[in-house]
Amino acid sequence: MFIVNITYQTPLEEIEKHLEAHVAFLDKYYEAGVFLLSGRKNPRTGGVILARADSQDALQAILAEDPFYAHAVARYDVIEFVATKTAEPLVYLQES
């Protein structure tokens, strides 16, 4: 499992230009089962993605497809972790 911490590097006006393509990118990897949860930070300085992938390298290759990454408007910090305790509605995350 991975936590992807996204930090915007440009003003929101520039982020907005790529938002529709970013959402399409997210949708693609939700459908593939890679992304499990995502959302904006509050205040709006970036976002967070909870993901599962075979390796950090595999996840980095996926993140490189994000329009935010391609246009250098955001920085990505990836934290790998092993889920050892899970709330009942999310148990399926550990089973995969």
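View A. Arg75 is partly exposed, with a relative accessible area of 40% (buried means under 20%, exposed over 50%, partly exposed in between, using a 1.4 Å probe and protein chains only). This is a predicted model, in which local features need pLDDT of at least 70 and side-chain atom pairs count only at pLDDT 80 or more, while totals for chains, interfaces and linings use all residues. Residues are numbered from 1 along each chain as its sequence is written, and side-chain values use heavy atoms, leaving out hydrogens and water. Arg75 forms a salt bridge with Asp77, and their closest N and O atoms are 3.3 Å apart (a side-chain nitrogen of Lys or Arg within 4 Å of a carboxyl oxygen of Asp or Glu). Asp77 is partly exposed too, at 31% relative accessible area.

**View B. Glu14 and Lys17 in helix H1.** Here the salt bridge brings the closest N and O atoms of Lys17 and Glu14 to 3.1 Å. Both sit in helix H1 (residues 12-17), three residues apart, which means that about one helical turn separates them (helices are DSSP runs of H or I, at least four residues, numbered from the N terminus). Lys17 counts as exposed, with 62% relative accessibility, whereas Glu14 is partly exposed at 27%.

**View C. Lys28 and Glu65, a link between distant parts of the chain.** Glu65 and Lys28 form a salt bridge whose closest N and O atoms lie 3.1 Å apart. Lys28 belongs to helix H2, and Glu65 to the loop between helix H3 (56-63) and helix H4 (67-70), 37 residues apart. Glu65 is partly exposed, at 38% relative accessibility, and Lys28 is partly exposed at 46%.

Methods:
Helices (H or I, at least four residues) and strands (E, at least two) are DSSP runs, numbered from the N terminus.
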